[in-house]
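These are my notebook entries on one structure. I record what I looked up, topic by topic.

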Amino acid sequence: MGIVSLTGRLICSSQSQADSVNQLLPAHVQLTTAEAGCLSFQVTPTKDPWIWNVAEEFTDPSAFEAHQLRVRDSAWGQGTAGIKREYRVEGL
């Protein structure tokens, strides 16, 4: 099994959601890049202040799944649960 990559967009529908992303994102990035198996993790703003581009790479499916499990119960996962995500995952 090889690298798992996720690309896509995080799309807020309100300023409140965008504020949550801005508040929670620094810790989320720090925790994710410290995970075993994380090769790269980028969440970057676009010209639209309510949309971010997302690009992630993990060494293998088990590292990606471990990330998903950690995020689910994290402050990020809970604080951004209602935000639309348009993601494409390759390598699973």
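**Entry 1: Salt bridges**

I looked up the salt bridges and found that the structure holds 4. I counted a salt bridge where a side-chain nitrogen of Lys or Arg lies within 4 Å of a carboxyl oxygen of Asp or Glu. The model is predicted, so local features need pLDDT of at least 70 and side-chain atom pairs count only at pLDDT 80 or more, while totals for chains, interfaces and linings use all residues. Residues are numbered from 1 along each chain as its sequence is written, and side-chain values use heavy atoms, with hydrogens and water left out.

I turned to E86 and R9, whose side chains meet in a salt bridge at 2.9 Å, N to O. This pair links distant parts of the chain, with E86 in strand 4 and R9 in strand 1, 77 residues apart. For helices (H or I, at least four residues) and strands (E, at least two) I used DSSP runs, numbered from the N terminus. I then checked accessibility, taking buried as under 20% relative accessible area, exposed as over 50% and partly exposed as in between, with a 1.4 Å probe and protein chains only. E86 counts as partly exposed because its relative accessibility is 33%. R9 is likewise partly exposed, at 33%.

I next noted the side chains of E90 and R88, which form a salt bridge at 2.3 Å, N to O. E90 is partly exposed, with a relative accessible area of 37%, whereas R88 is exposed, at 52%. I also recorded that salt bridges with shared partners join R9, K84 and E86 into one network.

**Entry 2: E35**

Where does E35 sit in the chain? I found E35 in the loop between helix 1 (15–33) and strand 2 (38–45). Its side chain and that of R70 meet in a salt bridge at 2.5 Å, N to O. The two residues come from distant parts of the chain, since R70 belongs to helix 2 and E35 to the loop, 35 residues apart. E35 counts as buried because its relative accessibility is 14%, whereas R70 is partly exposed, at 26%. Leaving out residues up to four places away in sequence, I list F58, H67 and R70 as the residues that E35 touches. Contact here means heavy atoms within 4.5 Å.

**Entry 3: Cysteines**

How many disulfides does the structure hold? I found 0 disulfides, a disulfide being a pair of cysteine sulfur atoms within 2.5 Å. I checked C12, which is buried because its relative accessible area is 6%. C38 counts as buried as well, at 15%.

**Entry 4: The largest pocket**

I read the volume of the largest pocket as about 280 Å³. Of its 17 lining residues, Q68, V71, W76, R85 and Y87 are the closest to its centre. On a 1 Å grid over the protein atoms alone, a pocket is an open set of points where a 1.4 Å probe fits, with protein on both sides within 12 Å along at least five of seven lines, and lining residues have an atom within 4 Å of a point. The volume is the space filled by probe spheres set on the points, which are joined across faces, edges and corners.

Which element gives the largest share of the lining? I found that helix 2 does, with 5 residues. Strand 1 (4–11), strand 2, strand 3 (51–58), helix 2 (61–72), helix 3 (75–79) and strand 4 (84–90) each supply at least two. By class, I recorded 10 nonpolar, 4 polar and 3 charged residues in this lining. Ala, Val, Leu, Ile, Met, Phe, Trp, Tyr, Cys and Pro count as nonpolar, Asp, Glu, Lys and Arg as charged, and the others, Gly among them, as polar.
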